[in-house]
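Subject: Structure handover

Hi,

Please read them with the model open.

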Amino acid sequence: MLDILYDIHQNSKIGEADAKASAGLRQAERTGERVADLEERLDKMALLNLALWGLLQEKLGVTDEELMRRVEELDLRDGQLDGRIARAPIDCPDCHRPLHQRHRRCLYCGFELRQNGFEAVTR
Ligand SMILES: [Zn+2]
């Protein structure tokens, strides 16, 4: 009798594990499709950028140095030369909780930031 109960329990566990494996496989397939879509979009954007850069060089004589200077200027707009446009998350100067990048006012304490996002105005 105990063997039968043990078998039922084990079969239940096997069924649960099988369901989890199937769900994981479906998730991996969806993620793979998403990555393939992003790679395709990235390739198209890279091709478009190369075409635009070629036209700028040919038609306007813009140099690689000018391009790199502009890239650095844009990169430094957030105060950090990190190869990214987005600003690294900052904490509220008042309550020290993370500030949402799209809001000028702290969602927790109401602290308001100036235009550049780094200086305080008032509460
Ligand atoms: Zn705050």
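His96 sits in the segment after α2. Helices here are DSSP runs of H or I with at least four residues, strands are runs of E with at least two, and both are numbered from the N terminus. The phi angle of His96 is near 65°, a positive value in a residue other than glycine. His96 is also exposed, at 58% relative accessible area. The cut-offs are under 20% for buried, over 50% for exposed and partly exposed in between, using a 1.4 Å probe and protein chains only.

Two notes on the source. This is a predicted model, so local features need pLDDT of at least 70 and side-chain atom pairs count only at pLDDT 80 or more, while totals for chains, interfaces and linings use all residues. Residues are numbered from 1 along each chain as its sequence is written, and side-chain values use heavy atoms, with hydrogens and water left out.

Gly110 belongs to the segment after α2 as well. Gly110 counts as buried, with 14% relative accessibility. Its C-alpha atom is 9.6 Å from that of Cys92, 18 residues away along the chain.

The largest nonpolar core has 5 residues: Cys92, Leu99, Cys106, Phe111 and Leu113. A nonpolar core is a set of buried Ala, Val, Leu, Ile, Met, Phe, Trp, Tyr and Cys residues joined through side-chain atoms within 4.5 Å. Beyond its neighbours within four places in sequence, Cys92 contacts Arg97, Leu99, Cys106, Cys109 and Phe111. Contact means heavy atoms within 4.5 Å. In soluble globular proteins, nonpolar side chains tend to be buried together.

Now the helices. The protein has 2 helices and 0 strands. Helix α1 covers residues 2-60 and includes Leu25. Is Leu25 buried or exposed? Leu25 is exposed, at 53% relative accessible area. From Leu25 to Leu38 is 13 residues in sequence and 20 Å in space, C-alpha to C-alpha.

Helix α2 covers residues 64-75, and Asp75 lies in it. Asp75 counts as buried, at 8% relative accessibility. Leaving out neighbours within four places in sequence, its contacts are Gln80, Leu81, Asp82, Gly83 and Arg84.

Last, the whole chain. The radius of gyration is 27 Å, whereas a compact globule of 123 residues would have one near 14 Å. That radius is taken over C-alpha atoms, and the globule rule is 2.2 Å times the number of residues to the power 0.38. Along the principal axes, the C-alpha atoms fill a box of roughly 85 × 50 × 20 Å. Buried residues are 10% of the 123. Of the contacts with a separation of 6 or more, 10% join residues 24 or more positions apart.

Best wishes
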